[in-house]
Amino acid sequence: MNTDTIAAIATAMANSGIGIIRMSGNAAIEIADKVFRSKSNQSLKDCKSHTIHYGYIMNEDEVVDEVLVMIMKAPNSYTRENTIEINCHGGVLVMQKILETVMKYGARPAEPGEFTKRAFLNGRIDLAQAESVIDIINSKNDFALKSSISQLRGKISDKIANLRKIIIHETAYIESAVDDPEHYTLDGYAEHLNEVILNLQNEFQRLLDTADQGRILQEGIHTVIVGKPNVGKSSVLNVLVGSERAIVTDVAGTTRDILEEQVNLNGIMLNVIDTAGIHETEDIVEKIGVDKAKQYLENADLVLYVLDSSQEMSKEDYKIAEMIRGKNVIILLNKSDLEQKAEREEFDQLSQLSDHIVLISAKEGNGIDDLTKIIYNMFLNGNITFNDELVITNIRHKNALSETMESLHYVEESIQNQMPEDFYSIDLMHAYETLGTIIGESVEDDLADEIFAKFCMGK
Ligand code: GDP
């Protein structure tokens, strides 16, 4: 165990009101005592845990800044080590000076995520909880935040621990029976185990089923807006974004990279690719066909196909329709505020392309509620369950669950093939260990390193 003392600037590296320099390790309080002077000259060592002290950070005789110092003594801190947080003025230079000063007296710079890594290594949180810390910081919408908080509070960890208990119980029984057949019988055991496995498979499948929804809620729905020029793609994007961004007035002919906008639609996020920038060319379909847009279309969770309902459908419209066949499409008949020149039947043919046809006016904002409802129904079965349901959002957890399912499947096969009982325990143990990786039991050091390397500095 590393007991050296680490230090980092924990707040953003930008000028702001307050900055925090954080130190953790055996010598944190000692080092703080060397750089901190209060009026009373009291040593921080003699102060109670969880108290705040006013004074100055000194580099020998030079005053570096006026600060508040917070002490948290082991084990009652984030890392479970002695921890000092120095609240200083939030200038980049002054924060750096304070960091340099504590380093001069024995602290070393922390690696990204090292504070949280210590919290994990010291057993304050497990790996799933540690991962939730970074997820909280990176949360971009209510769902992502709430699910990360519930993960930090141990919801996934508890569930995994309970399921592991069931598995280890069976393994222990098999081993006892093999060692001590007089007291433990294996008569009828296979049927019993089969039932346990079925129940476990149901539980794991339920968790896995949440993973796709979890990803969509966490990352957003990858959405591409397509349609020929002037049907109102940019205007649709603008009403979705809900801001007065001036995409619509962009000068024609200026090529720009495809933009991705994040749209928060009542709590779920759409990552919308705006293909408007690539339409200033004669043969738009061909351009879209060969361009990046095609690639985006391939990876899209959702395609919004915009048509101008005040015009008859053109060749181009049909060509685009061909391009997106088989995708998850919502058809938007835009410009519903204008006189409708096209026959309704013309558009009805599009029902082969999608069940979802919505009449909208991007100009007047009509039909957007209907669109939102359809998206909710498509991706979330109509509602967001923020609170009680446990949702798997982490791909590492998802993979571990899939691997566990596989091991359980092998157990099932062994039972069907009437293999000897110790065959069961091999795969049961594998399932047990795989599940353990979610909460950080039996993980390799390099995996832990990889996870913590994704953290920001000072966390
Ligand atoms: P894009 O080329 O598909 O991105 O289309 P734009 O969003 O740039 O819109 C083309 C033109 O149609 C602009 O003049 C918009 O103001 C207009 N427009 C877009 N949506 C509507 C709508 O719902 N009703 C009406 N009347 N005009 C619209």
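**Close-up views of a predicted model**

**Figure 1. The loop between β5 and β6 holds P75.** In this predicted model, P75 is placed in the loop that runs between β5 (62-72) and β6. The peptide bond joining A74 to P75 is cis, with omega at about 0°. Most peptide bonds, by contrast, are trans.

**Figure 2. The loop between β3 and β4 holds N41.** N41 is found in the loop between β3 and β4 (51-59). The phi angle of N41 is near 60°, a positive value in a residue other than glycine. A negative phi is what most residues other than glycine have.

**Figure 3. Seven strands form an open sheet.** The order of the strands across this sheet is β3-β4-β5-β6-β2-β1-β7, and their pairing is mixed. At the edges stand β3 (36-37) and β7 (108-109), each of which pairs on one side only. Helix α3 (residues 114-121) packs on the sheet, where it touches β1 (6-9), β2 and β7. The direction of helix α3 makes about 140° with that of β1.

**Figure 4. Strands β2 and β6 run antiparallel.** Strand β2 (residues 18-24) and strand β6 (residues 83-89) are joined by seven bridges. In this pairing, S24 stands opposite T83 of β6. Strands of a sheet pair through backbone hydrogen bonds, in either a parallel or an antiparallel manner.

**Figure 5. Helix α4 meets helix α15.** The axes of helix α4 (residues 127-138) and helix α15 (residues 421-439) come within 5 Å and cross at roughly 35°. On the side of α4, the contact is made by L127, A128 and E131; on the side of α15, T437, I438 and I439 take part.

**Figure 6. A shell of 18 residues lies around the ligand.** Of these residues, N230, K233, S234, S235 and D337 come nearest to the ligand. The shell divides into six nonpolar, seven polar and five charged residues. Helix α8 (residues 233-241) supplies the largest share of the shell, namely three residues.

Technical notes
Residues are numbered from 1 along each chain as its sequence is written. This is a predicted model: local features need pLDDT of at least 70, side-chain atom pairs count only at pLDDT 80 or more; totals for chains, interfaces and linings use all residues. Side-chain values use heavy atoms; hydrogens and water are left out. A residue is near a molecule or strand if one of its heavy atoms lies within 4 Å of it. Helices (H or I, at least four residues) and strands (E, at least two) are DSSP runs, numbered from the N terminus. Ala, Val, Leu, Ile, Met, Phe, Trp, Tyr, Cys and Pro count as nonpolar, Asp, Glu, Lys and Arg as charged, and the others, Gly among them, as polar. Two strands pair if DSSP finds at least two bridges between them. Contact means heavy atoms within 4.5 Å. Axes are lines fitted to C-alpha atoms, for helices over the stretch in contact, and angles run from 0 to 180 degrees between N-to-C directions.
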